[in-house]
Every structure is written in structure tokens, then in C-alpha cells.
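Hello,

Here is the structure we talked about handing over. Please open it first, then read my notes below.

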Amino acid sequence: MLRFLTQRLLILVPIVLGVSMLSFLLLYLIPGDVVDILMGQESGDPERLAELRRLFGIDRSLPVRYLEWLGEVVRGNLGRSFVTRRSVLAEILTAFPVTLQLTAASLLVALVVGVPLGVFAAVRRGRGSSLGISVLVLLALSVPSFWLGILLILFASLYLNWFPPQGLVLLWIQPVEAFKQLLLPSLALGLALGAMIMRMTRSCILEVLAQDYVRTARAKGLAEWLVIGNHALRNALIPVVTLVGLQFGYLLGGAIVIEEIFSLPGMGRLVLRSIAQRDFPLVQGALLLAGTGVVLLNLCVDLLYVAIDPRMRRR
Amino acid sequence: MLGRATSGPDARRIPVRRYALSAAGVAVVALLGLVALLAPLAAPVDPMVMNPRARLAPPSGAHPMGTDQFGRDILSRVIHGTRISLGVGVGSVALSLGVGLALGALAASREGVMDAFVMRGMDVLLAFPAILLALALMAVLGSKPRNVVFAIGLVYLPVFARTARAAILTIKHREFVEAAHALGRADLSRFFRHILPNALAPMLVQASLSVSTAILAEAALSFLGVGTQPPTPSWGGMLSESRAFMEVAPWTAVFPGVAIMVAVLGFNLLGDGIRDLLDPRLRNL
């Protein structure tokens with residue numbers, strides 16, 4: 001297990017470094033430099049501009065600036081927002097819980113919809129109800145989440161006269177309000193992933209049901225729900241866990257659009273605001289943390305495999 | 001493992017239902033292609049022409065999908081939007097496919113340091129949530145149509161590089177390739193005559209399935225205001241504009257969304273069909 005963990009951690013080092021390099025370099029793809037952005041339309045005198053460039057360290061070479069920046073990042077300093085002058089980390093830490101609870105709620109919706117429907121479709125393979133589910137899955141995979149979000153808002157406000165609470169509502173402070181706020185956005189964001197999970201669960205259960213040990217379990221006279229629940233589902237869940245891990249980045253990305261539609265003050269809105277205001281240190285910080293977060297989450301998924309399937313420990 | 005569930009008398013043929021769905025996919029994609037090509041002829045009016053007297057008019061004989069806040073005909077804008085969606089979708093996938101194939105081939109043919117370098121680079125790109133990376137790229141590059149193609153193409157590049165590498169690695173050790181090597185064929189000749197044609201099948205499957213993802217990404221970027229810029233008609237941009245009026249004029253939000261859904265569904269069905277045809281092991285998915 002220790003060897004497995006060490007191997008995985010060693011693979012992560014170059015990837016995390018690469019994530020940091022790309023996040024850093026992105027700022028230098030912008031036409032002009034940081035001082036040009038800060039000065040905007042104003043044409044300052046050349047000496048003052050040179051002074052500012054020295055102050056920001058822009059007069060030094062790119063590798064030196066990268067190493068300095070990385071040193072600061074490691075110490076938890078991601079720089080300051082051009083607009084609010086607050087630290088980037090503080091801005092992100094304020095917005096992140098909103099995104100986290102939205103993605104977690106969406107994941108829950110996806111699992112609650114996907115796994116039971118997948119099992120149902122596998123057990124009733126070839127019948128009308130299974131076909132119905134397949135058609136629904138195709139539709140769910142094709143509906144853009146942001147359009148679904150708009151339709152949900154339209155339906156809730158026009159026909160139900162219901163408006164979810166706005167602003168910063170955290171699950172661990174106001175659980176009921178947060179539930180009301182998260183219901184529609186998590187449905188909009190989680191449905192497509194639910195459809196993917198359903199497809200994967202169905203195909204994995206079908207595969208497992210053809211295995212010898214399932215036949216043995218049935219031959220022992222085990223009830224069908226025990227065969228499905230204890231034997232089939234547990235083994236079918238491994239690819240589903242992979243799928244969920246791989247798609248977490250998709251949920252984070254989708255959250256950007258959904259937060260914008262539902263006016264949720266999370267990372268998505270923060271990034272969009274930063275892009276509109278050309279507040280690049282914030283964009284850079286969000287990229288760095290999102291990229292590193294996804295890499296670490298993939299590590300957690302790898303470790304979760306081991307928990308679900310002890311055979312992986314020997315690999 | 002995968003073969004177990006598909007074994008049995010019914011597994012060797014594609015069910016009729018699958019043919020019907022794939023045929024529907026081909027029909028939808030062909031129709032969209034035709035609409036995109038003939039947009040100026042197919043659209044009832046100029047999509048840019050404003051009519052202040054017909055602002056937010058509901059669907060009628062004159063405007064089958066109604067009009068928007070400037071009195072522009074939504075049907076004509078949806079028809080012209082097909083050009084952007086299909087153009088960016090196909091263009092960005094072509095970019096990912098071409099560059100991904102080259103990188104995958106480089107990694108697979110030079111196993112070792114070069115392989116590790118290229119593939120870790122792809123892992124880095126994969127680490128970022130796709131929309132976030134595309135947004136950041138658009139922010140620094142500027143909202144030009146070619147930048148949308150580049151941003152989406154770059155974001156989906158790792159999937160193609162990985163697919164190409166895996167396919168080429170499998171094929172390059174097969175007997176017929178080694179026979180060509182033994183016959184003294186040059187590396188390039190072996191690659192183009194023996195490896196590439198056999199590696200193309202999984203790449204084509206990936207490409208056909210990726211067009212729908214790219215169409216969704218373009219719509220999302222335009223919806224967020226960094227993709228196709230108004231007044232050029234794009235489905236995502238139209239959805240974005242509709243948000244201010246959707247309670248009084250829901251048709252402004254409904255039709256562009258339906259267009260995105262139909263296009264994505266069409267390419268998904270087509271992709272599933274091509275996958276069934278080229279990779280029977282995945283039929284059960």
C-alpha cells in the first residue's frame with residue numbers, strides 16, 4: 001500500500017509543476033504586461049512605468065520570475081487582486097465553499113439518479129422500460145446544463161411562482177435555505193453526469209451478471225436483490241468510481257456556468273468577474289487551485305479503488 | 001472482460017434499434033450540414049435586420065420562432081447560428097485530431113523520455129476543468145472565432161493524444177508491422193502504410209463523439225460572453241441575451257436551446273453508430 005501511494009505521489013510531482021507553469025505562463029500570453037493593464041488607458045511617464053516594472057519584477061527573466069512566484073505560492077501567497085487589492089487566496093477561500101456545495105449536491109443528484117436507474121435498466125434489459133430509460137439518457141446527455149438551468153428557472157418562476165434564495169447561503173449555517181438554493185442548480189448540473197453514471201452502471205452490471213460467481217450465488221438460492229446488491233453492484237461500482245473521479249473536473253467547469261445563471265457567488269462568478277475586469281492574478285490563482293485540486297482528487301480516486309477492490313493493492 | 005457480457009447469440013449483430021438511432025444521427029448531422037452551407041438561402045430574412053415594431057413578438061406565421069429584443073427573426077438567427085456551432089465544433093475537433101495524432105505518434109514511437117514528456121504534458125492539460133481553461137485562454141487571447149477554435153481544440157487535445165498513443169502502441173508490435181520492419185521498410189513508410197490506417201478507427205470514434213462536446217463548449221463560451229460576439233448569431237450568445245427577457249418572451253430562450261440539443265443529440269447518435277461499426281467491444285455501453 002505504501003509503495004502504491006509513493007508511486008502515485010511521484011507521478012503527481014511533474015503534473016503539479018506543469019499545472020503551476022501553465023497557470024504562471026498564461027499571464028504572460030496577454031498582449032502588454034501587468035503594468036500596461038494596471039495603467040489602462042493612462043499614459044504614464046516612462047520613468048514611472050520603468051519603476052513600476054522594477055517593482056513588479058517584470059524586468060527580470062521569465063524562469064527567475066517563475067521560481068520566485070512558485071516560492072510565494074508554496075508559502076500560500078498567490079498575490080493580490082488588481083481590483084479589490086485583497087489577497088487572491090482570501091478571495092478564493094470566500095467563494096470556494098459555494099462551489100464545493102454546488103458540486104457536491106450535483107454529484108449526489110447524479111449518483112441518486114444514475115446508480116438505481118442503471119441497475120434497473122440492467123435487470124430489465126431488452127424490455128420497454130429499459131428502452132425508455134435509454135432514450136431519457138440520450139436526451140439528458142444532449143441537453144446543455146445551462147439551458148436546463150434557464151428552463152428550470154423559467155418553470156419555477158412562471159408556473160410555480162417560486163424563487164430560490166439569492167446570495168451567500170452555506171449548507172452548514174443555513175441548511176434549509178441552502179437546500180432551497182441548491183435544488184435547481186444541482187439538478188441542472190448533475191443530470192448529465194447522472195446519465196453517464198447510469199450508462200456505466202448498466203453496462204458494468206450486465207458484465208458482472210454474466211460472471212460465474214453470480215451464477216454460483218444464484219445457484220445457492222440467494223435472493224435476486226442480494227445477488228444484485230452484494231455481488232453485482234459492489235464489483236460494478238469500480239468503473240463508476242473512476243467515472244465520477246474523472247468527471248469531477250467537468251462538474252467544476254459546469255459550476256462556472258450554472259453559478260452565473262443562478263447568481264451563486266462561487267468560484268465561477270469570481271472567475272468570470274476577474275476575466276471581465278482583467279484581474280489576472282485571480283484568474284491565475286483559480287486555475288492553479290482548480291488544476292491542483294483535480295490532480296489531488298484523482299489521487300483520492302486511486303486510493304478509493306484500493307478500498308473497494310483489495311486486489312489493486314498487489315499491483 | 002468486456003467480451004463476456006456481449007457474448008451470446010444476439011451480441012454479434014447490431015440490434016435494429018441501434019441502426020435506426022444511428023440513421024437518425026446521420027440524418028440530423030446531414031441536415032445541419034446542409035443548413036449551415038445554405039444558411040443565406042435557408043433563412044427567411046437577414047438575421048441582423050432589426051424591426052423595432054416587432055420586438056419580442058411571439059411565434060407566428062411571419063416569424064415561426066418569434067423575434068428577439070431587437071425584433072430580429074429568431075428562426076433566421078438559429079439557422080445562421082448553425083454555421084458557428086458546426087464550424088467551431090468540427091474545426092476544433094479537426095485541430096485536436098491532427099495535433100493529437102502527431103503527439104500520440106511521437107510518444108508511441110519514441111518510448112522513454114519523449115513519451116513521458118509528451119504524456120505528462122497532456123496530463124497537465126487534463127488537470128484543468130475544460131471550460132475554465134478555455135475561458136482563461138479566451139481571456140488572454142481575445143474573443144475572435146479562430147481563438148475559440150484554438151481554445152476548444154487545445155482543451156480536448158489530451159484525449160486524442162492518449163487515444164492515438166494507445167492505438168499506435170498496440171499496433172506497432174503486431175506481426176504485420178514487424179514483418180514490414182523485417183522487410184526493411186523505412187520508419188515513415190511503415191507508419192503511413194501500416195500503423196496509421198489501423199490506428200485511425202479509434203481516432204474517428206473519438207472525433208465523432210467529441211464534436212458534440214465541442215459544440216456544447218462553444219455554446220457555453222458564447223453564453224458566458226467570451227466566445228462568439230454579438231451581433232453575430234450564435235446559439236449560446238442568443239441564450240445569454242434571452243435571459244433578460246425570458247419571463248415575458250420564453251421563446252427567445254427555448255429555440256436556441258432546442259437547436260443546441262438537436263445538434264448534440266445528432267452527433268452523439270452518429271458517434272455511437274460509428275463506434276458500434278468500428279469497435280464492437282463497446283456496443284454494450
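Read along the sequence, chain A runs α-α-α-α-α-α-α-α-α-α-α-α. That is twelve helices and zero strands. Both are DSSP runs numbered from the N terminus: helices are H or I with at least four residues, strands E with at least two.

Some ground rules. This is a predicted model, where local features need pLDDT of at least 70, side-chain atom pairs count only at pLDDT 80 or more, and totals for chains, interfaces and linings use all residues. Residues are numbered from 1 along each chain as its sequence is written, while chains are lettered from A and ligands numbered from 1 in the order in which they are written.

**Confidence**

The predictor gives the complex an ipTM of 0.85 and a pTM of 0.87. Chain B averages a pLDDT (the predictor's confidence in each residue, from 0 to 100) of 87, and 91% of its residues score at least 70. Within chain B, helix H4 (residues 74–109) has the highest confidence, at 95, and H1(B) the lowest, at a mean of 39. Over residues 1–12 of chain B, pLDDT stays under 50. Where pLDDT is low, the predicted coordinates should not be read in detail.

**Chain A**

The C-alpha atoms of chain A fill a box of roughly 85 × 60 × 35 Å along the principal axes. Of its 315 residues, 38% count as buried. Buried means 20 or more other C-beta atoms within 10 Å of the residue's own; exposed means 12 or fewer; partly exposed is in between, with C-beta atoms placed from the backbone.

Helix H9 (residues 212–219) of chain A lies largely in the open, because the number buried among its eight residues is zero. Gly221(A) follows H9(A) and has a positive phi, near 90 degrees.

Arg234(A) lies in helix H10 of chain A.

**The core**

The largest nonpolar core has 165 residues. Such a core is a set of buried Ala, Val, Leu, Ile, Met, Phe, Trp, Tyr and Cys residues joined through C-beta atoms within 7 Å. Among the residues that touch the most other members are Val271(A), Ala286(A) and Ala134(B). Helix H10 (residues 224–262) of chain A gives the largest share of this core, 18 residues.

Leaving aside neighbours within four places in sequence, Ala134(B) is in contact (C-beta atoms, placed from the backbone, within 7 Å) with Ala151(B), Ile152(B), Val155(B), Ala217(B) and Leu221(B).

**Where the chains meet**

How many residues of chain B are in contact with chain A? There are 38, and they touch 41 residues of chain A. Elements giving two or more residues to the chain B side include helix H5 (113–127), helix H6 (130–141) and helix H10 (187–223) of chain B. By class, that side has 29 nonpolar, four polar and five charged residues. Ala, Val, Leu, Ile, Met, Phe, Trp, Tyr, Cys and Pro count as nonpolar, Asp, Glu, Lys and Arg as charged, and the others, Gly among them, as polar.

**A helix pair in chain B**

H10(B) and H12(B) pack at about 170 degrees, with their axes 8 Å apart. H10(B) is therefore roughly antiparallel to H12(B), a label for angles over 145 degrees. Axes are lines fitted to C-alpha atoms, for helices over the stretch in contact, and angles run from 0 to 180 degrees between N-to-C directions. Residues making the contact include Leu204(B) and Ile215(B) of H10(B) and Phe267(B) and Ile274(B) of H12(B). By class, the contact has 15 nonpolar, four polar and one charged residues.

Best wishes

Note on methods
Contact = placed C-beta atoms within 7 Å. Parallel < 35°, antiparallel > 145°, perpendicular 65-115°, else oblique.
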